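Here is a briefing on one structure, grouped by topic. Please read it alongside the sequence and the coordinates.

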Amino acid sequence: MGDELRGKFCIVGVGEAPSPYVADSDHWELNLIACKRAIEDSGIDKREIDVVISTGSMVVNRPRHHVVLCEQLGIPLARFTENSAMGGGAPTSNLRHAIAALNSGMGKAALVVGADNRLSGLGRGGAPETGPSQYHNAEFEVPFGPIMATLYALVCHRWMHEFGWTAEQMAEVAVAHREHACLHPWARFRTPITKADVLASRMVCTPFRLLDCSSFTDGGGAYVVTSTERARSLRKRPIYVLGTGGAYSYYYFEKWPDLVETPRSIIGAAADEAFGTARVGRGDIDVVAVADMFTAVVPIALESAGFCGRGEGADFVGDGRIGPGGGLPVNTHGGNLSYGNPGMGAQFNHLTEVCKQLWGEAEDRQVPGAKLAYVHNWSGNMSQHGAAVLGTELGL
Amino acid sequence: MTTERGWKTPRISKLGRPHWEAARRGRLSIQHCRDCGKYIHYPSSLCENCLSENLEWQEVSGRGTVESFSTVHRAFSPEFAADVPYTVALVRLEEGILLLTWLAEVAPEEAAFGMRVEVVFEEISDEISLHRFRPSA
């Protein structure tokens with residue numbers, strides 16, 4: 001985004017949908033509760049909200065999802081709405097959409113939501129089939145039997161081969177996420193695990209064992225964005241959007257020029273834009289949230305975003321660095337790996353969690369003195385990337 | 001979410017039909033741009049390089065190398081249950097394009113990065129033959 005937008009818009013409230021998984025949770029209930037909590041957290045009058053961006057659902061096929069939400073929330077007159085079904089990438093991608101709408105003068109305050117009930121809505125049996133049906137090319141990929149994990153496995157396996165990354169190193173990512181989740185009352189998985197547990201879990205799809213894979217849940221989150229000027233008279237300390245980045249290109253792997261360089265360059269483009277606008281260095285960041293649908297994507301995300309050098313991602317995530325109390329805590333709510341992956345709004349809790357960190361509201365998970373956060377979400381086959389650098393007034 | 005036709009049967013598109021017709025004859029055919037020479041896979045209405053609509057189908061070598069692979073141990077559909085473990089691979093053809101496929105005649109523990117492979121076809125119905133790749137000399 002343009003340099004002049006640095007710190008011009010703020011996140012002023014967040015809400016999280018009921019978690020962990022409860023049987024028969026309803027897609028609309030999750031969305032509405034997340035929105036209600038975000039509105040209440042911000043203290044803004046709901047009638048001020050005139051931009052509504054929703055993320056849709058993997059469970060409920062509802063055209064004009066965003067307008068139905070306005071109706072059920074009693075938002076009397078929205079000026080800009082869209083259902084931007086960016087999947088996991090939605091939290092930061094749709095933050096950019098919200099800022100674009102607000103900065104254009106089309107609205108004054110934006111509500112952005114992503115919540116879904118993938119686990120109860122699709123079930124344990126149905127959920128893996130959403131891979132073939134939604135992500136893979138039905139003509140040239142599905143007949144060869146890739147499961148949801150396979151396409152990520154193909155990329156991650158190549159990275160592991162190229163740089164000599166080991167299953168033991170990836171297991172450390174699973175352990176760190178579980179350690180975070182053990183500190184979060186809403187995480188789906190809260191039983192501590194060891195590296196040995198990960199390595200002993202059943203093989204799903206090489207190189208991923210069961211505990212290398214994220215698990216489905218029901219949940220999601222929402223946030224309210226408005227101008228810094230308006231934010232200053234609301235109840236909470238504003239969280240400044242210092243920079244955002246977006247990068248969208250390939251979808252099906254057949255088009256990728258290279259399994260290592262293509263994702264590296266796309267992730268790098270989103271991160272460079274966000275950090276460049278924010279005028280913040282990677283070393284200044286206190287807390288991180290990145291996509292973690294599988295263990296090995298975490299070092300790929302961090303390395304590609306410039307937190308470490310080429311091929312160093314697996315070393316970087318070791319020795320407890322990304323776990324609780326580590327040098328760079330990542331996904332302190334437990335991430336998709338252990339908090340859970342609710343579906344179309346898969347990574348909204350990544351964003352709401354870093355906001356809680358910046359407000360000092362992360363309870364047992366609090367990173368002391370956190371003032372700058374980096375969030376990077378993506379969706380599909382590593383294809384839709386949004387990134388953001390967020391900060392308190394101390395990070396300005 | 002099963003379908004009447006099953007997952008193994010490709011949803012043949014108007015664009016992709018020449019590929020499957022060639023496959024029935026045991027030939028690997030890939031879309032090709034007559035203007036800039038780029039191979040295009042999966043098939044499209046346009047060349048993604050030069051946006052030309054002047055496209056044709058060309059038989060390709062059927063030879064390539066394994067760029068990555070993943071052995072599936074858990075079938076997502078009963079249709080694949082008898083096949084596990086099977087190895088999905090991305091093969092880089094000599095013509096430069098990547099193809100998602102299935103390794104044939106290779107035990108999971110023998111699959112390797114950079115393995116040289118060649119196409120073979122498995123007839124799964126009167127209409128459909130799927131391309132697999134097996135080790136080549």
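Helix α10 (residues 297–304) of chain A is mostly covered, with 8 of its 8 residues buried. A residue is buried if 20 or more other C-beta atoms lie within 10 Å of its own, exposed if 12 or fewer, and partly exposed in between, with C-beta atoms placed from the backbone. Helices (H or I, at least four residues) and strands (E, at least two) are DSSP runs, numbered from the N terminus. This is a predicted model: local features need pLDDT of at least 70, side-chain atom pairs count only at pLDDT 80 or more, and totals for chains, interfaces and linings use all residues. Residues are numbered from 1 along each chain as its sequence is written, and chains are lettered from A and ligands numbered from 1 in the order in which they are written.

**Helix α10**
- The buried residues of α10(A) include Val297(A), Ile300(A), Leu302(A) and Glu303(A).
- They pack against α5, α6 (167–181), α9 (261–278), β9 (287–290), α11 (313–316) and β10 (372–379) of chain A; contact requires C-beta atoms, placed from the backbone, within 7 Å.
- Gly306(A) follows α10(A) and has a positive phi, near 95°.

**Sheet**
- An open sheet of 9 strands runs β3-β2-β4-β7-β1-β8-β11-β10-β9 (chain A), with mixed pairing. Two strands pair if DSSP finds at least two bridges between them.
- β3 (80–83) and β9 of chain A stand at the edges with a single partner strand each, so one side of each has no neighbour in the sheet.
- The twist averages 20° from one strand to the next. Axes are lines fitted to C-alpha atoms, for helices over the stretch in contact, and angles run from 0 to 180 degrees between N-to-C directions.
- α9(A) packs on the sheet and touches β8 (239–248), β10 and β11 (384–391) of chain A. Its direction makes about 155° with that of β8(A).
- Strands β4 (residues 109–116) and β7 (residues 219–227) of chain A run antiparallel, joined by 8 bridges.
- Ala115(A) has Gly220(A) in β7(A) as its bridge partner.

**Nonpolar core**
- The largest nonpolar core has 145 residues. Such a core is a set of buried Ala, Val, Leu, Ile, Met, Phe, Trp, Tyr and Cys residues joined through C-beta atoms within 7 Å.
- Helix α5 (residues 148–163) of chain A gives the most to this core, with 10 residues.
- Leu390(A) is among the residues with the most contacts inside the core. Not counting residues up to four places away in sequence, Leu390(A) touches residues including Ile11(A), Tyr240(A) and Ala373(A).

**Chain contact**
- 32 residues of chain A are in contact with 34 residues of chain B.

Key
Contact = placed C-beta atoms within 7 Å.
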